[in-house]
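Hello,

Here is the structure I promised to pass on to you. Have a look at it first, and then read on for what turned up when I went through it.

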Amino acid sequence: MNIEELYGIYLRCGQVTTDSRRCPEGSLFFALRGATFDGNAYAMQALRAGCARAVVDDAEAAGQDGRLILVDDVLSTLQQLAAHHRRTWGGPVLQVTGTNGKTTTKELLHAVLSRGRRVLCTEGNLNNHIGVPLTLLRIRAGEHDMAVVETGANHPGEIAALCRMVQADWGIVTNVGRAHLEGFGGFEGVKRTKGELYDDLRRRGGRVLVNGEDDVLVQMLLSRGFVLGRDALPYVEARVTAAAPFLAIEWRDGASQSWHSVGTALVGAYNLGNLRAAITAGLCFGIAPAEIDEALASYRPTNSRSELRQAGSNRLIVDAYNANPSSMEAALANFAALGADGHKMVILGDMRELGEESLEEHRRVVRQLQKMSLERTWLVGEEFGKVAPAGMCVFSDVDAVKAALRKDIPRHATILVKGSNGTKLWQLPDFIASL
């Protein structure tokens, strides 16, 4: 079966699924393989649960039912189908990548652009080789006239592969920092991989929204032949007016002398760049400044990203979805500047996938902590355990933290909770609130 024939089946089915436990009536099931499962074994279950057809790559499994479609590789077929659908749909796509802030930026872009367009955006952080094609296949010609697609990577070449599916018209690299160093082979590898979005846009004549104050990003663009102001539009001028703890900003574009004041529900001055990206995109796509202001002011962060949560008598700053050296440094700098009447506490989890640089990066965090005025410092994980000096409490995992909190819950404290997703510190806000 060629991709055109499969595309016809997809259009008749209306939607795809990769989970045999979630099979909308009449949908198309893709039997993906994983490290611990083989979707081929669940294809018949998916048909019984409501799917109209199923795509498999096991010849023996394919013989069980005429509704099963045999292909060479299910994942590759899913990606090819998504790329074909994106080309056929043809609307503008804005692609977002970067070390930090890409999910928040994507959400802010959606909030702003939805004020004037029917925008589909990536759900959650489904930004990898499976999530991106699933996102593209959610686009509906009658429902959407624009898409915002988040793309992530932890190895060289992954952004380039996602670009071939997304075929973006516009692109944003939020920043380039120290993350996934093990997979990228160091900071230069991070730059090259994030720059794959610029390479793709340059090759196809796309445009870039760039933070003109970020020398690394500007140099990455200039080295690829982009011309600022023509191929790449600098961010608008913006500045922080308050961050205690909610972020308030003022902004203006180059054609205006008047400043717009916006109060947000985001915590952390490091979100200024994310807000500027959304403002710039809004202006590029014709969203009125007043609508941009209202969209930013009404946005509420979720998923443990720059959230302020009340848990009993404690105020929690929750940024526990992920962590890397760059985001950890920014979060701690913001926390140090935050007034909290002396009752400050941090609960920090290990930063993962740093390879040979892991211990030095964790030592760097410890040195930053030692310069801060903190009532309590709790570190979680094996890497912090190797470098923490005497006097800093170290816990093996989140369960050990919970046990300590049961015995000694803080009161009337402001607490920063941050760590890589694998440390599971995102469990702590609800746990603290329950005590």
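**What I found**

Let me begin with H412, which is exposed, with a relative accessible area of 60%. Its position is in the loop between α16 (398-407) and β19. The backbone deserves a glance there: phi of H412 is near 55°, a positive value in a residue other than glycine. Please keep in mind throughout that this is a predicted model.

A second residue of this kind is E353, with phi near 60°, again positive and again not in a glycine. You will find E353 in the loop between β16 (344-349) and α14 (358-370). Its relative accessible area is 36%, so E353 is partly exposed. E353 also belongs to a negative surface patch, together with E182, E356 and E357. Of these, E182 sits in helix α8 (residues 181-184) and has 55% relative accessibility, so it counts as exposed.

P245 lies in the loop that runs between β11 (237-243) and β12 (246-252).

Now to the salt bridges. How many does a search of the whole structure find? The search gives 28 salt bridges, and I picked out a few for you.

- D430 and R309 form a salt bridge in which the closest N and O atoms are 2.5 Å apart. This pair links distant parts of the chain, since D430 is in helix α17 (residues 428-434) and R309 in strand β14 (residues 307-311), 121 residues apart. D430 counts as exposed, at 51% relative accessibility, and R309 as partly exposed, at 26%.
- E361 and R364 meet through their side chains in a salt bridge (3.1 Å, N to O). Both residues lie in helix α14, three residues apart, which is about one turn of the helix. E361 is buried, with a relative accessible area of 2%, whereas R364 is partly exposed, with 36%.
- R21 and D19 are joined by a salt bridge between their side chains (2.9 Å, N to O). R21 is exposed, at a relative accessible area of 68%, while D19 is buried, at 17%. A network of salt bridges links D19, R21 and R22.

Is K418 buried or exposed? K418 has a relative accessible area of 1%, so it is buried, because buried means under 20%. The residue lies in strand β19 (residues 414-418), and its side chain makes a polar contact with the side chain of D319 (3.1 Å).

The other is D73, in the loop between β4 (68-70) and α4 (74-89). Which backbone nitrogens does the side chain of D73 reach? One is the backbone nitrogen of L75, at 3.2 Å, and another is the backbone nitrogen of S76, at 2.7 Å. D73 counts as partly exposed, at 37% relative accessibility.

Happy browsing, and do write back with your thoughts.

Best wishes

Definitions and conventions. Residues are numbered from 1 along each chain as its sequence is written. This is a predicted model: local features need pLDDT of at least 70, side-chain atom pairs count only at pLDDT 80 or more; totals for chains, interfaces and linings use all residues. Side-chain values use heavy atoms; hydrogens and water are left out. Patches are made of residues with over 30% relative accessible area and no salt bridge: like charges are joined within 9 Å, nonpolar side chains (Val, Leu, Ile, Met, Phe, Trp, Tyr) within 5 Å. Accessible areas come from the Shrake-Rupley method with a 1.4 Å probe; for residues, only the protein chains shown count as cover. A salt bridge is a side-chain nitrogen of Lys or Arg within 4 Å of a carboxyl oxygen of Asp or Glu. Lys and Arg count as positive and Asp and Glu as negative; His and the chain ends are not counted. The place of a charge is taken as NZ of Lys, CZ of Arg, CG of Asp or CD of Glu. Helices (H or I, at least four residues) and strands (E, at least two) are DSSP runs, numbered from the N terminus. Buried means under 20% relative accessible area, exposed over 50%, partly exposed in between (1.4 Å probe, protein chains only). A polar contact is a pair of N or O atoms within 3.5 Å; within protein, one must be able to donate a hydrogen and the other to accept it, and residues adjacent in sequence count only if both atoms are side-chain atoms.
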